[in-house]
Amino acid sequence: MLIVLSGPSGVGKGTVRQAMLAGNYRDFQYSVSMTTRQKRPGEVDGVDYYFRTKEEFEHEIATGGMLEYAQYVGNYYGTPLKYVNQTLDRGKDVLLEIEVKGAMQVREKCPDGVFIFLTPPDLSALRSRLAGRGTEDEATIDSRIKKAATEIAMMENYDYAVVNDKVNLAVRRIERIIESEHLRVPRVIDRYKGMLAKADAVN
Ligand SMILES: Nc1ncnc2c1ncn2[C@@H]1O[C@H](COP(=O)(O)OP(=O)(O)OP(=O)(O)O)[C@@H](O)[C@H]1O
Ligand SMILES: Nc1nc2c(ncn2[C@@H]2O[C@H](COP(=O)(O)O)[C@@H](O)[C@H]2O)c(=O)[nH]1
């Protein structure tokens with residue numbers, strides 16, 4: 001199952017994902033994105049992002065290497081296609097943490113994905129989270145907050161909205177969504193088809 005988690009910058013997507021991976025629900029693989037933005041202190045290439053030049057990123061786009069991509073506050077961000085395909089083929093859930101324009105491209109290509117929008121309790125919480133993170137200057141925080149309003153207006157295109165008031169509560173809400181999505185009859189039938197195909201191959 002492809003799980004897409006969006007929400008304005010600073011809402012806490014990365015924090016919630018890390019809390020999920022540190023807790024009981026770890027049954028998904030995180031897709032590391034590619035970006036042309038500068039590495040922040042402590043970020044590691046291949047772990048936080050694949051940090052690439054604009055030319056390298058554009059080469060990936062031109063050669064069909066991206067599932068989706070978008071420009072966000074002056075930089076490219078995108079999802080490498082190969083990892084997503086390989087991981088889904090292995091029967092694992094994949095989590096994408098991406099902004100709204102990219103998510104809508106994924107919606108077109110993978111309509112049976114699960115699209116979750118993480119919202120802040122209010123815009124002032126968003127600003128104080130971004131400021132508290134200390135990774136952007138004041139002007140960049142302003143650009144990101146400005147973008148947040150249009151991003152929140154895109155929420156109607158998602159399947160679920162989750163408020164990130166408290167990290168542990170947001171984690172629980174997302175886990176419940178994933179668990180019940182796994183029980184949807186078309187997905188269960190798909191899993192049975194896979195099992196039956198394997199049994200046929202053995203007999
Ligand atoms: N529920 C919460 N309550 C208070 N602070 C939070 C909460 N969730 C996250 N934060 C804090 O908000 C800041 C931004 O969180 P985080 O980096 O996870 O956001 P993000 O949505 O992944 O941002 P970006 O899209 O820019 O990567 C961090 O300092 C984090 O510790
Ligand atoms: N469309 C995509 N958006 C992405 C991807 N990876 C991250 N993002 C989003 O970009 C902004 C800014 O991120 P930051 O790390 O510079 O704070 C944020 O909304 C991310 O979710 C991607 O692969 N595709």
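Tyrosine 69 lies in strand S5, which covers residues 66-72. The model examined here is a predicted one, and this residue makes a handy starting point for a tour. Tyrosine 69 has 23 C-beta neighbours inside 10 Å and therefore counts as buried, the cut-off being 20 or more. Setting aside residues within four places in sequence, the contacts of tyrosine 69 are Ile61, Tyr76, Tyr77, Gly78 and Gly102. Glutamate 181 is 112 residues away along the chain from tyrosine 69, and their C-alpha atoms are 26 Å apart.

Next comes the sheet. It is open and built from 5 strands in the order S2-S7-S1-S8-S9, with parallel pairing. Strand S2 (28-30) and strand S9 (160-163) each have a single partner strand, so these two form the edges and one side of each lacks a neighbour in the sheet. On average, neighbouring strands are turned by 25° against each other, direction ignored. Within the sheet, strand S1 (residues 2-6) and strand S8 (residues 114-119) run parallel and are joined by 4 bridges; leucine 5 sits opposite isoleucine 116 in S8. Helix H4 (residues 100-109) packs on this sheet, where it touches S1, strand S7 (93-97) and S8. The direction of helix H4 makes about 155° with that of S1.

The last stop is the ligand. Ligand 1 is surrounded by 14 residues, of which Ser9, Gly12, Gly14, Thr15 and Arg129 are the closest. Helix H1 (13-22) and helix H5 (123-133) are the elements that give two or more residues to this shell. Sorted by class, the shell around ligand 1 holds 8 polar, 4 charged and 2 nonpolar residues.

Conventions: Residues are numbered from 1 along each chain as its sequence is written. Chains are lettered from A and ligands numbered from 1 in the order in which they are written. This is a predicted model: local features need pLDDT of at least 70, side-chain atom pairs count only at pLDDT 80 or more; totals for chains, interfaces and linings use all residues. A residue is near a molecule or strand if its C-beta atom, placed from the backbone, lies within 6 Å of it. Ala, Val, Leu, Ile, Met, Phe, Trp, Tyr, Cys and Pro count as nonpolar, Asp, Glu, Lys and Arg as charged, and the others, Gly among them, as polar. Two strands pair if DSSP finds at least two bridges between them. Axes are lines fitted to C-alpha atoms, for helices over the stretch in contact, and angles run from 0 to 180 degrees between N-to-C directions. Two residues are in contact if their C-beta atoms, placed from the backbone, lie within 7 Å. A residue is buried if 20 or more other C-beta atoms lie within 10 Å of its own, exposed if 12 or fewer, and partly exposed in between; C-beta atoms are placed from the backbone.
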